[in-house]
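Let's take a friendly walk through a protein model together. Have the sequence and the 3D view ready, and follow along as we go.

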Amino acid sequence: MPCLAVLNKLSCYGLRSQSIIRVQNSGPMNISKRESCDVLVCGGGSAGVAAAIAAARLGASTILVERYGFCGGVCVSSLVHTFDGLRNCRKYEQLVVGGIPLEVVEELRRNGGLVTKDNPPECLCFDPERMKLAADVLLCRAGVRLLYHLFVVGVVKEGPRVQSVVAAGKEGLWEISAQHFIDATGDGDVGYFAGAEYEKDPAMQTMSTHFRVGGLKGRSTWHQLEQACRKAMDAAYAAGRAPKYGGPWIIRIREGEASFNCTRLYGDATDTRQLTQAEIQARQDLMGIWSILRESVPDFRDSFVLVSGVQVGVRETRRLMGDYVITAEDIERNRPFEDAVALGSWPIDIHPANGEVGVHAHKESPPEPYQIPERAMLVRGLDNLLAVGRCLSSTHEAHGSTRVSGTAMAVGQAGGTLAGLAFTEGLRLRDVRIQMLQERLLQDAVILEL
Ligand SMILES: Cc1cc2nc3c(=O)[nH]c(=O)nc-3n(C[C@H](O)[C@H](O)[C@H](O)COP(=O)(O)OP(=O)(O)OC[C@H]3O[C@@H](n4cnc5c(N)ncnc54)[C@H](O)[C@@H]3O)c2cc1C
C-alpha cells in the first residue's frame, strides 16, 4: 500500500518550513528538516561504522544516523571492551576477518586505544574512549556525513521500497531519503518500522550493564582475579546475598582498573517499560556485586566503581528475516555458501534467560570458521533494505555466534559494499552479481574462505 504521501505544506497550518508526511508506522507527522543521500546507514555500532565506510569509499554519498553522540555501539555505550570473531576461535593466531575491521584495529593501535594488558587470549581489547575517536576519524576520512543525536522513529515506504527514514532530533523530525538503506540499529528498528518480517525469541538472551572498577591493588593476573571473583560471587549467591549474575568475566584496562561483565537482566529491550526496569535493576545489582567483591577479594579493598555503561548492554532482540536464515546447523557443520560475503568464528554463546547464574557452557566446542551468505542481509519482501550486525537474518541459536562485534563489522563491510555497488551500477540490491560483490570484497582485503 503506497504510504508516501506528502500531505501538505504546513504553511496552511500556520507553521513555516515544515511539511507533513504519512509515515508507515504512525501516520501523518510534521517534518522540520530534510536530507538525501545515496546510501543511508541507520546505527553507528560495529556493523554500521564498517557499512558506512565501505559504501562511501565506493563513491556513494553516505549518511550515518546515530542516536548517541558517538559511534561504536555497545562496544562503547555498554563498555563492551572487546572484539571477538576477528580470530579463528579454534586457533587464535589465525585471522578470519580482514578489511575495514582491521583498519579499525590499526586506528586503535595508532591512537593508543589497544589494551595490551594480560587478558583472555581470544579477546582483542580496547579503550572505548579511543574507539569513539577511531570511528570518527575513519568515517570522516571516508567522507561519510555523520548525523549524531538522531533517533530513527519511522519509515516512509512505497510498495517494496523504503523511500525515506524519519528520525527525531532537536529540531523536531528529520526525513532522510536514499536509494538504499542499511539497518544497523541492532534491534532491526528500520525493518520493524517498514513492516519487515522478524523474529524475537521467547527466551531472548539476558542483558548486562558492564561497569569499570578503579583502585584495584595486588599482583593477581587476569585469570587469578577472575577466578577469585567467581568464587566470591558463587559463595554470596549460595548464601542468598547476591543478585542474579553471569560470569563474572573480566577485562583489564590499565593498572588498577578492570571492566566487569557480571550483571544479568531479563526482559525485552524493544519494550520501553521493560528496558527502563532493566536499567534501574542493573544499577542496584552492580553496586551489590561490587560490595560483595570488596568484602571478599583482597584486590578490591580500596576499589571504587568508576563508571557503568551509558545504557544496559542488549544482546538479542529482533532478528530481521532475510532471503536466507542462518541456522545453528550451518555454523556447526560449516556449510559452504556460493554467495559468501564474510566469515564468522565464535561459539554459539547464549547467555541463558532461565535463571541460571555464573558461567554458562559455550566455549567447549567452538565451530570451524564458517561462511555468511549475502542472502542473510537482504531483508525479505523489501527491495532496498539490508540488515547487518546483530539484526542479521539468523535463528536464535545461530545469532548466539553471529552477534559478536568482529563478525558484525565484517558483515557491515559486506552490506556497505553491496549498497555502494548497487548505487554506482544503478542496480537493485538483488541484481548486483555475486561475483562482482565478492571480487570487490576480496580487493578490499576481506577474507571469504581460509
Ligand atoms: C553485554 C554484552 C557483552 C558482549 N560481549 C561481547 C564480547 O565480549 N565480544 C564481542 O565480540 N561481542 C560481545 N557482545 C556482542 C557485540 O558487542 C554486539 O552484538 C555487536 O557489537 C553488535 O554490533 P551492532 O553494530 O550490530 O549493534 P550495536 O553495537 O548495538 O549498534 C547499534 C547502533 O545503533 C544505534 N541505534 C539503535 N537504535 C537506533 C535508532 N532507532 N536510531 C538511531 N540509532 C540507533 C545504537 O545507539 C548503536 O550505536 C556483547 C554484547 C553485549 C550486549
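Where is the place of L79? L79 sits in the loop between helix 2 and strand 7. Phi of L79 is near 55°, which is a positive value in a residue other than glycine. In this report, helices (H or I, at least four residues) and strands (E, at least two) are DSSP runs, numbered from the N terminus.

Before going further, two notes on the model. It is a predicted model, in which local features need pLDDT of at least 70, side-chain atom pairs count only at pLDDT 80 or more, and totals for chains, interfaces and linings use all residues. Residues are numbered from 1 along each chain as its sequence is written.

**Domains**

The protein is divided into domain 1 (42-145 + 197-203 + 318-349 + 364-443) and domain 2 (211-308); such bounds come from an automatic or database domain assignment. Taken over C-alpha atoms, the centres of the two domains are separated by 29 Å. Where they touch, 12 residues of domain 1 are in contact with 10 residues of domain 2. Two residues are in contact if their C-beta atoms, placed from the backbone, lie within 7 Å. The side of domain 1 that touches domain 2 has four nonpolar, three polar and five charged residues. Here Ala, Val, Leu, Ile, Met, Phe, Trp, Tyr, Cys and Pro count as nonpolar, Asp, Glu, Lys and Arg as charged, and the others, Gly among them, as polar.

**Helix 10 and its partners**

Now look at helix 10 (residues 405-425). The table lists helices that pack with it.

| Pair | Angle | Axis distance |
|---|---|---|
| Helix 1 (residues 46-57) and helix 10 | roughly 30° | within 7 Å |
| Helix 3 (residues 99-110) and helix 10 | about 125° | 7 Å |
| Helix 11 (residues 434-443) and helix 10 | about 125° | 10 Å |

Axes are lines fitted to C-alpha atoms, for helices over the stretch in contact, and angles run from 0 to 180 degrees between N-to-C directions. Angles under 35 degrees count as roughly parallel, over 145 as roughly antiparallel, 65 to 115 as roughly perpendicular and the rest as oblique.

Helix 1 and helix 10 are therefore roughly parallel to each other. The contact includes S46, A47 and G48 of helix 1, and S405, A408 and M409 of helix 10. By class, this contact of helix 1 with helix 10 holds 12 nonpolar, nine polar and no charged residues.

Helix 3 and helix 10, in turn, are therefore oblique to each other. Here G99, I100, P101 and V104 in helix 3 meet G406, M409, A410 and Q413 in helix 10. That contact has five nonpolar, three polar and no charged residues.

As for helix 11, A414, T417, L418 and L421 in helix 10 meet M436, L437, R440 and L441 in helix 11. This contact is made up of six nonpolar, one polar and one charged residues.

**Around the ligand**

Which residues are the closest to the ligand? They are G43, G45, G73, G313 and G389, out of 40 residues that surround the ligand; a residue counts as near if its C-beta atom, placed from the backbone, lies within 6 Å. Among the elements that each supply at least two residues of this shell are helix 1, strand 6 (62-66), strand 12 (151-158) and helix 10. The shell divides into 14 nonpolar, 18 polar and eight charged residues.

**A cis peptide bond**

One last stop is P248, which lies in strand 18 (residues 245-254). The peptide bond from G247 to P248 is cis, with omega near -5°.
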